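Hi,

Here is the model I said I would pass on. Have a look at it first, and then read my notes below.

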Amino acid sequence: MIVRDASCACGDIRLRCKGEPVRISVCHCLECQKRTGSAFAAQARFLKEDVEFLQGEPATFARTGDEGGAITQRFCPRCGTTVWYAIDNDPDRIAVTLGAFADPSFPPPRFSVYEERKHAWVAFNEIEPIKHDW
Ligand SMILES: [Zn+2]
Ligand SMILES: [Zn+2]
């Protein structure tokens, strides 16, 4: 089984994900733009039971998603990197931020969410078609 480690920029927060993610997506919503400081976010959801928390005590920031669901971000109090977040309406899984893996060979996203908020210049080389959630 493939095992991948994710960590924040300073390395204080570390977790291990076993197996392939159940969903990999990009999100263009304004909240994700704020969270990442970038034009869109990329994340991989794993079953909670497949994630091992190795090290660190993340700080939390709870926010309401653009659709109204609650999301609790876990970020490093030292360097500020969001490493994962919990989604209230998907309690069995957590979303690990793609950048925390620092792995350019990570599988590509298959879902693109909140495309009506996508910056006009953003386009993806689609190895396989991306499903557009909306
Ligand atoms: Zn850190
Ligand atoms: Zn979003």
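The overall dimensions first: a compact globule of 134 residues would have a radius of gyration near 14 Å, and the protein chain has 14 Å, so the two agree. That radius is taken over C-alpha atoms, and the globule rule is 2.2 Å times the number of residues to the power 0.38. Along its principal axes, the C-alpha trace spans about 40 × 35 × 25 Å.

Before you go further, this is a predicted model: local features need pLDDT of at least 70, side-chain atom pairs count only at pLDDT 80 or more, and totals for chains, interfaces and linings use all residues. Residues are numbered from 1 along each chain as its sequence is written, while chains are lettered from A and ligands numbered from 1 in the order in which they are written.

On secondary structure, the protein chain has one helix and eleven strands, and along the sequence they follow the pattern β-β-β-α-β-β-β-β-β-β-β-β. Helices (H or I, at least four residues) and strands (E, at least two) are DSSP runs, numbered from the N terminus.

One open sheet has three strands in the order S1-S2-S5, with antiparallel pairing. Strand S1 (3-7) and strand S5 (51-55) are at its edges with a single partner strand each, so one side of each has no neighbour in the sheet. On average, neighbouring strands here are turned by 25 degrees against each other, direction ignored; axes are lines fitted to C-alpha atoms, for helices over the stretch in contact, and angles run from 0 to 180 degrees between N-to-C directions. S2 (residues 14-18) and S5 run antiparallel and are joined by four bridges, and leucine 15 sits opposite phenylalanine 53 in S5. Two strands count as paired if DSSP finds at least two bridges between them.

Buried means 20 or more other C-beta atoms within 10 Å of the residue's own, exposed means 12 or fewer, and partly exposed is in between, with C-beta atoms placed from the backbone. Of the contacts (C-beta atoms, placed from the backbone, within 7 Å) with a separation of 6 or more, 52% are between residues 24 or more positions apart.

- Alanine 102 has a positive phi of about 45 degrees although it is not a glycine. It lies in the loop between strand S9 (93-97) and strand S10 (111-113), and counts as exposed because it has 11 C-beta neighbours inside 10 Å.
- Tyrosine 114, also not a glycine, has a positive phi near 60 degrees. It is in the loop between S10 and strand S11 (131-132), and is buried, with 21 other C-beta atoms within 10 Å.

Cheers

Notes: Two residues are in contact if their C-beta atoms, placed from the backbone, lie within 7 Å.
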